[in-house]
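Dear colleague,

I am passing on the structure we spoke about, and I would be glad if you could look through it with the notes below at hand.

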Amino acid sequence: MRGGEVDLTVVLRPMTRGDLPDVARWRAAPHVRKWFGADGESDLAAVTAHYGPRIDGTSPTRMWVVEANGRSVGWVQDYRLRDYPEYAVLTPDPEAVGVDYAIGERAFTGRGVGTAMLRAWLRSAGERYPDVASYWSAPDHRNVASLRVLEKVGFEQGAWFDEPQRDGSVATVVGCTFRVTRHAP
Ligand SMILES: CC(C)(COP(=O)(O)OP(=O)(O)OC[C@H]1O[C@@H](n2cnc3c(N)ncnc32)[C@H](O)[C@@H]1OP(=O)(O)O)[C@@H](O)C(=O)NCCC(=O)NCCS
């Protein structure tokens, strides 16, 4: 059902190396490859080389698996923009936390999982990054579903800009910012 399901429970858990065959399959799925294709090959060896150091904690990006009613269906990744200076210079707040995501199981898209996943991520980020004033995501300007899900959970759209990709191509993306409001204890 579009827009939310009765009895839908979505949680995030830390990714392990045991999840990488699923991640490779998700990365290869056409609806994900469309937006992550510039991140390189999606075979298990390439995916292990790309995500393994993040899982091991030797790269600044943290990886999470999205579980919908107990089933692994996708992933979320987050990082401090300042840890990627060449990217941070393109953004309004280099101190922000960046977030990217994909629901790899096609059958689980368009059912409210993305919205619930981002709400779970906002709760997690609030605990893990208590000093941060904003969160940041920059979907391709054509990625209507991603722009809409960000808007639904409170991100505001800002400037469009051209983002160099790992494969040498350039994507025109929309900078989206979530302003963190904290209440005095
Ligand atoms: C983008 C993504 C996370 C959205 O999650 P989702 O579970 O499919 O989205 P939801 O079901 O929570 O829907 C959220 C909103 O987006 C809308 N939406 C979902 N898919 C849509 C589509 N293909 N076209 C237009 N709107 C769409 C929904 O209608 C809903 O808005 P509404 O409540 O106003 O009706 C998911 O589709 C996905 O992972 N796609 C492939 C990878 C990707 O694009 N990652 C992001 C890269 S920046």
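The notes below take up the sheet, its hairpins, the ligand site and a few loop residues.

Please keep in mind that this is a predicted model, in which local features need a pLDDT of at least 70 and side-chain atom pairs count only at pLDDT 80 or more, while totals for chains, interfaces and linings use all residues. Residues are numbered from 1 along each chain as its sequence is written, and side-chain values use heavy atoms, with hydrogens and water left out.

The sheet

Seven strands make up an open sheet with mixed pairing, and their order across it is S1-S2-S3-S4-S5-S7-S6; strands, like helices, are DSSP runs numbered from the N terminus (E, at least two residues, for a strand; H or I, at least four, for a helix), and two strands are taken to pair if DSSP finds at least two bridges between them. Strand S1 (10–14) and S6 stand at the edges with a single partner strand each, so one side of each is left without a neighbour in the sheet. From one strand to the next the twist averages 30°, where the axes are lines fitted to C-alpha atoms (for helices over the stretch in contact) and angles run from 0 to 180 degrees between N-to-C directions.

At the S1 end, S1 and S2 run antiparallel and are joined by five bridges, with Val11 having Glu67 as its bridge partner in S2. S2 and S3 are also antiparallel, with seven bridges between them; here Glu67 is partnered by Ser72 in S3, and Arg62 by Asp78. S2 is mostly covered, six of its seven residues being buried, a class that means under 20% relative accessible area, as against over 50% for exposed and in between for partly exposed (1.4 Å probe, protein chains only).

Two hairpins

S2 and S3 form a hairpin with two residues between them. Asn69 belongs to the loop that connects strand S2 (62–68) with strand S3 (71–80), and it has a positive phi of about 45° although it is not a glycine. With a relative accessibility of 47%, Asn69 counts as partly exposed.

Pro164 has Val170 as its bridge partner in S7, and among the five residues between the strands, Gly168 takes a positive phi near 95°.

The ligand site

Which residues come nearest to the ligand? Of the 22 residues around it, these are Ile103, Gly112, Gly114, Thr115 and Lys152, a residue being counted as near if one of its heavy atoms lies within 4 Å. Helix H2 (30–36), strand S4 (97–103), helix H5 (113–128) and helix H6 (144–153) each contribute at least two residues to the shell around the ligand, and H6 gives the most, with six residues. Sorted by class, the shell has ten nonpolar, eight polar and four charged residues; Ala, Val, Leu, Ile, Met, Phe, Trp, Tyr, Cys and Pro count as nonpolar, Asp, Glu, Lys and Arg as charged, and the others, Gly among them, as polar.

Polar backbone atoms are involved at Gly112, with an oxygen atom of the ligand at 2.7 Å, and at Gly114, where the distance to a ligand oxygen atom is 2.7 Å. From Arg148, a polar side-chain atom lies 2.7 Å from an oxygen atom of the ligand. Taken alone the ligand exposes 930 Å², of which the protein buries 79%, with areas from the Shrake-Rupley method and a 1.4 Å probe.

Asp19 lies in the loop between S1 and helix H1 (20–28) and counts as buried at 7% relative accessibility. Its side chain reaches the backbone nitrogen of Thr16 at 2.8 Å, a polar contact in the sense of a pair of N or O atoms within 3.5 Å (within protein, one must be able to donate a hydrogen and the other to accept it, and residues adjacent in sequence count only if both atoms are side-chain atoms).

Glu95, in the loop between helix H4 (85–88) and S4, is partly exposed, with a relative accessible area of 39%. The C-alpha atoms of Glu95 and Ser134 are separated by 7.9 Å, although these residues are 39 apart along the chain.

Phe155 sits in the loop between H6 and S6 and is buried, with a relative accessible area of 4%. Phe155 and Tyr135 are 20 residues apart in sequence, and 8.3 Å separates them, C-alpha to C-alpha.

With best wishes
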